[in-house]
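Subject: Structure handover

Hello,

Here is the structure we discussed. My notes follow below it.

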Amino acid sequence: LDPLDPASMGALLDALVPGLPPGAASAIADQAHGIPLFAVETIRALIDRDVVIPSGGVYRLIGELGALTVPDSLHGLLAARLDALPPDVRSLVADAAVLGSTFPVEALSDVSGRAADEVGDMLGELVRREVLEIVADPLSPQRGTFRFGHDMLRQVAYDTLSRHDRKARHLAVAAHLRATFANDGEEVADVMARHYLDALAAVPDADDIEDSRARAIDELVRAGERANRIGARGRARSNFADAAELLIASAAAEAPARAAELWERAAEAAGREGDWSASLDLVTRAEQAYQALGDTRAVARTASLAGAALRGWGRHAEARERLENALLVLRQDPDVDTVHALSQLAGVEIMAGTPAGDAVSAEAIATAQMLAVPHGLLSSVFNNRALALQNLNRRQETAMYLREAARIGELSGDSYRHAFALGNLAEVLCADDPAAAAAAAQEGVRVARRTGGTIALALSTQGLATALLELGDWDAAAAAVDEAIEKDGIGDNQLIAYIGARLAATRGDIEAAHALREHMGYMVTSEDPQDQAFTAILDALIALAERRTEAVVDRAKEAVGYWEATGLGSDFVRWGWSLAARAAHELADDTEVDRLLAQFEGFQRGELPPMLHAELPLARARRAGRRREPSAGKQFDLAIADLRKRSTPFHLAHGLLDYAAYLIADGRRDDAGALIDEARSIGERLGAAPLVSRAGSMSAAREAVG
């Protein structure tokens, strides 16, 4: 920031010490060089000398200011203030600086080795001198503790310590924390680890360096394990990785193997956060370490972890290669690692829409049950088996497996897998029962929030918003997305960007839709058919809002084309087919309409989702109306009745306008009026501007005919 101008500096000093003589104010301002903190600390130095004292609720200058011998730098000024303290008080400030910016009296007493009463008296003097202040906020959990006036003062106090004094004090603080908190300080293992690391850095050539390093490693691992339990995956990743780096510098014989294990654990934590790049980097470190150790099976195990990250990143070809190579080793003597690799390979094949997804997921679930693998892994295996069945259009079986996956995940205490299964369950249920889908997704959001699982939270939020779109509660859908962004802080997640963009496009906010699409990241270029379908349906909805009808047909058809890889129940198949069929009708492209209608002929009733059961007859009614077939009116009546029972308010409104267009063309404009009014009312309730605009255009066309 620019220095304060003389007038502002004068106002600042007058606020600090009302009535400060002009000469004194000018001398202080000259020394401060326009830096407010410099001026404040100069006043505090005068308080230390009792030249400025509190009087009547404000500070007053008493006596002569005298010559100001203030160091040129702020650091020097702060150091001079600390040097002016009595030696025992100065030593206490240094102890406090090691504790941190905020600390209770008891901690400082313990670390300094002084009686609490003695410490209390010294703290009172430090508060008077404005070196420290008391936390008085009644809403703060730290109320009644002490803190430095600002962190720069704490840093200067810390810098006055010699390297050996720093080390001794950091070890003392760590010992205090271990003795004060339950389970040897488990709750504050992260803080203890930092103190051990600072002690290690203070005297890196100490004779007891291996002991200090070992203690730092142990606390980092404990901190990582605790972070994993509470869902702080990013913290767990950094703790495990930091511990691994320390081990590499260790002389312990077991260090290389233990470092490899910790990099592997760090990679898994990064994967659960959806940070695929970091996960792959850490996996590479683990693989290289295991290769150096000659541990072939461990190399295969970490290769399957790399496959999981590549699969999440949408790089299916690479993921498949890594997983198949890993299984050449892991299948020889099946164990938990084999099941994990099978489950990941099944996921790749399922998301790619290949026939192998069914076979590999079946092998994984059979092997998992045979080996009685841990419930958390079993939940993942059931989840993948469900998705394979979804691709085969067996939605009831899919829901059954996902409910079991959720139950097993909850039973194991694995909130990540529990929430993940609920998010997938919501997606599957949405085709047949959007209300049940919304309930499952809401529970998934609740479970994911409990431990902060980013991927599961994003999946469940996307499922919730999608279900609410189907139910016609678009304000609640927008609120769910906003909450994920503002409360949960996951606005940079690709799924959240996608569903936010989709809602914006459907409501006609074209600018917001384009902006959010830019945040979809790797989804736009992913090899994953679902990611490609998400992008295609979003582009179709944006094109609809922009009235680019040809683009609607092209992108909506592309979205529908992924049904073989995702199942007919997928929402982009249902919405995409409806968009493509109506846009083709608007273009008077009967050949395309016939092609779309033929696409789902031959499927059994249970294979098609309810919405398509309504949209197919509606498309036929539009075609009949264009051809002036006598049965067109009856076909529209039946289609609208089906839309009311089986589809969404959005699709019903467009169907009503389709019928109204036919009636206007047939000369029955009075009959069309009620349909247009109902469609407009639905559009206004949804906040769907393009739908309201279409109703307005239809109303104008009706009046023109009249």
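**What was found**

Gln 462 touches Leu 495, Tyr 498, Ile 499 and Phe 534, leaving aside neighbours within four places in sequence; contact means heavy atoms within 4.5 Å. Gln 462 belongs to helix 24 (residues 454-471), where helices are DSSP runs (H or I, at least four residues) numbered from the N terminus. With a relative accessible area of 6%, Gln 462 is buried (buried is under 20% relative accessible area, exposed over 50%, partly exposed in between, with a 1.4 Å probe and protein chains only).

Some background: this is a predicted model, in which local features need pLDDT of at least 70 and side-chain atom pairs count only at pLDDT 80 or more, while totals for chains, interfaces and linings use all residues. Residues are numbered from 1 along each chain as its sequence is written, and side-chain values use heavy atoms, with hydrogens and water left out.

Salt bridges next. The count is 57, taking a salt bridge as a side-chain nitrogen of Lys or Arg within 4 Å of a carboxyl oxygen of Asp or Glu.

- Arg 301 and Glu 264 form a salt bridge at 2.6 Å, N to O. This pair links distant parts of the chain, 37 residues apart: Arg 301 is in helix 16 (residues 296-312) and Glu 264 in helix 14 (residues 255-272). Arg 301 is partly exposed at 22% relative accessibility, whereas Glu 264 is buried at 13%.
- Arg 694 and Asp 658 form a salt bridge at 2.7 Å, N to O. Arg 694 sits in helix 37 (residues 689-705) and Asp 658 in helix 35 (residues 649-665), so the pair ties together parts 36 residues apart in sequence. Arg 694 is buried at 18%, and Asp 658 is buried at 6%.
- Arg 114 and Glu 118 form a salt bridge at 3.3 Å, N to O; Glu 118 is partly exposed at 33%.
- Arg 449, Glu 483, Lys 487 and Asp 488 are linked in a network of salt bridges.

Last, a helix pair. Helix 11 (residues 189-202) and helix 12 (residues 209-229) pack at about 155°, with axes 8 Å apart. Axes are lines fitted to C-alpha atoms over the stretch in contact, and angles run from 0 to 180 degrees between N-to-C directions. The two helices are therefore roughly antiparallel (over 145 degrees; under 35 is roughly parallel, 65 to 115 roughly perpendicular, and the rest oblique). Residues making the contact include Tyr 196 and Leu 200 of helix 11 and Arg 215 and Leu 220 of helix 12.

Regards
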